[in-house]
Amino acid sequence: MNHSISLTVNGARRDFVLDDPRVTLLDLLRERLHLTGTKKGCDRGQCGACTILVDGKRINSCLALAISHDGADILTIEGVARGDQLHPVQAAFIAHDGFQCGFCTPGQIMSAIGMMQEAQAGNDPERIRECMSGNLCRCGAYAGIVDAVLEAQAGADESNQRRSA
Amino acid sequence: MKQFDYVRPATVAEAVAAAAQPGATYLAAGTNLLDLMKGGVSRPDRLVDVTHLDGLDQIERLADGSVRIGALVSNADLAHDAEFAKSYPAVVEALLSGASAQLRNAATVGGNLLQRTRCAYFYDTASRCNKREAGSGCDAREGENRTHAVLGWSESCIATHPSDFCVPLVALDAIVEIEGRNGRREIALDELHRLPGHTPERESALEPGDLIVAVRLPPAAPGFAAHARYLKVRERTSYAFAVVSAAAALRIENGKIAEARLALGGVAAKPWRARAAEDVLRGVAPTADAFQDAAWRALADAKPSGDNAYKIELARRIVVRALTLAAAGTPARIPALPASPFASTSGAIHA
């Protein structure tokens, strides 16, 4: 049986007919929309490479059935920059060498963006490590990742202060 | 993954009817179920998606002082509810010590209760597993079993229940509200999960079609808020299941323990309430000797199921430490590394 669903992906509404309910959000993004920035690492919810935001919250897209997320608002790594202007978290990852091979990086960045919105870590490196523990980096770029997130968090705090001043 | 039919019921009654059919199973976030389906461990014919049902995602304070947590509330939303955290801090510490932020954002309260064991032999379809395939045998018995059960296990199954959340819940007398073919009923969380005996494939008291719609904490539960902790030893400091964990909650009046609650995680096929230990703490001062006594009683019936005798001593020490921390008082904020015995001062940098 075919199932119709619609999603908002990076701001644009997309309609899909699913001829198989087994399709995950990860496979839908990669195979149907060719948005291959979201990576398939373990495909079992252990590595975090597939992290996207669904309705503003970071989740593992490999463990989410697309059919169950009818109507959801999805943000992927392809949707975070504004034209040529990188998202502050993207810029911070470059500035601090927050990657080596880069495979985990889209998931790391989406997770960091989600984490900053959750506002549970602040500028505490230990909290950042804890709150980013769902994203593995086999190259071991963790020190750069934490520095990048700290800088992005500091930038966000500063712009919040400017706005409220 | 095996092909399945997908059903999205509009009401709880429709959901129960759809899920009562043989081969049907409920889908909530799917963070455990999809993993099991990808591995061929779970092979449902029909998924009944309950995530679009109305009214199951609320945290309600009831007039009698209970709190009622809808089955579809996410682990993260519950943990980040400030009022809930103030009243039930050990529950929040347990939630935040489990899984990863991504999984906590998706995973639901009902799903957490019904998650399956992480026994590697249960997951490996080439291994014999009485839980996965009744009567096939148990390769964990003679296998890699250093993290397996030390309480309540049987020759048929030595798997543990992996939930952190359930441990303080069972200590605080949580109640599970169930909608089934014969209407609404409720049972103590302590009665939800079954010990394996000869039928490890039957993991819970739920009947076909039964849907957990809410978990309730009774009016007495917030009375422990000033002295409540969850402590969890795992093989890495974050994003790992418990080797052993404990929830300890005390009500201290005039320097004596008026009432104690204690439960263990990672030691049995269910969250393990240690009532004998609670009994010896009633009416005594919160001293190291009293906590040692409680720890011995909590593990009195423990026996190794393999290379895991160390877990018995570890559990005793975790019990003593959790009780000691609880007696010292619930911290104003959840520690930077929730439930970790290795928690450093917030802000400290370690390698």
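Trainee: What share of the contacts in chain A with a separation of 6 or more comes from residues 24 or more positions apart?

Mentor: Start with the kind of model. This one is predicted. In chain A, 58% of the contacts with a separation of 6 or more join residues 24 or more positions apart.

Trainee: How many helices and strands does chain A have?

Mentor: Chain A holds five helices and five strands. Their order along the sequence is β-β-α-β-β-β-α-α-α-α.

Trainee: What percentage of the residues of chain A count as buried?

Mentor: The figure is 44% of the 165 residues.

Trainee: Which residues of helix 2 of chain A are buried?

Mentor: Helix 2 of chain A spans residues 88-95. Its buried residues are Pro88(A), Val89(A), Gln90(A), Ala92(A) and Phe93(A). They pack against helix 3 (105-118) and helix 5 (142-164) of chain A. Look just past the end of helix 2 of chain A too. There, Asp97(A) takes a positive phi of about 50 degrees.

Trainee: Into which domains is chain A divided?

Mentor: Domain 1 of chain A covers 3-79, and domain 2 covers 88-164. Their centres, taken over C-alpha atoms, are separated by 22 Å.

Trainee: How many residues of domain 1 of chain A are in contact with domain 2 of chain A?

Mentor: There are 14 residues from domain 1 of chain A, in contact with 13 residues of domain 2 of chain A. Next, ask which elements supply them. On the domain 1 side, strand 3 (51-54) and strand 4 (57-60) of chain A each give at least two residues. Strand 3 of chain A has the largest share, three residues. By class, this side of domain 1 of chain A has six nonpolar, five polar and three charged residues.

Trainee: Now chain B. What are its domains?

Mentor: Chain B is divided into domain 1 (5-52) and domain 2 (224-328). The distance between their centres, over C-alpha atoms, is 36 Å.

Trainee: How do I read a sheet?

Mentor: Strands of a sheet pair through backbone hydrogen bonds, either parallel or antiparallel. Now take a case in chain B. Three strands form an open sheet in the order 1-3-2, and the pairing is parallel.

Trainee: Why is one side of strand 1 and of strand 2 of chain B left without a neighbour in the sheet?

Mentor: Strand 1 (5-7) and strand 2 (24-27) of chain B stand at the edges, and each has a single partner strand, so one side of each has no neighbour in the sheet. Neighbouring strands of this sheet are turned by 25 degrees against each other on average, direction ignored.

Trainee: How many bridges pair strand 2 of chain B with strand 3 of chain B?

Mentor: Four bridges pair strand 2 with strand 3 (residues 46-49) of chain B, in the parallel sense. Helix 1 (residues 12-19) of chain B packs on it, touching strand 1, strand 2 and strand 3 of chain B. The direction of helix 1 of chain B makes about 140 degrees with that of strand 2 of chain B.

Trainee: Which strands form the antiparallel sheet of chain B?

Mentor: Five strands form this open sheet, in the order 4-5-8-6-7. Its edge strands are strand 4 (59-61) and strand 7 (183-188) of chain B, and each pairs on one side only. From one strand to the next, the twist averages 25 degrees. Inspect one pair. Strand 6 (residues 175-180) and strand 8 (residues 211-217) of chain B run antiparallel, joined by five bridges. Glu177(B) stands opposite Ala214(B) in strand 8 of chain B.

Trainee: How do I read the contact between the two chains?

Mentor: The size of an interface is often given as the accessible area lost when the parts come together. Here, count residues instead. Chain B gives 26 residues and chain A gives 27 residues. On the chain B side, helix 2 (33-38) and helix 6 (101-106) of chain B each supply at least two residues. Helix 6 of chain B has the largest share, five residues. The side of chain B that touches chain A has 13 nonpolar, ten polar and three charged residues.

Conventions: Residues numbered from 1 in each chain as written. Chains lettered and ligands numbered in written order. Predicted model: local features only at pLDDT ≥ 70, side-chain atom pairs only at ≥ 80, totals over all residues. Contact = placed C-beta atoms within 7 Å. Nonpolar A, V, L, I, M, F, W, Y, C, P; charged D, E, K, R; others polar. Pairing = 2+ DSSP bridges. Axes fitted to C-alpha atoms, helices over the stretch in contact; angles between N-to-C directions. Domains from an automatic or database assignment. Buried ≥ 20, exposed ≤ 12 C-beta atoms within 10 Å, placed from the backbone.
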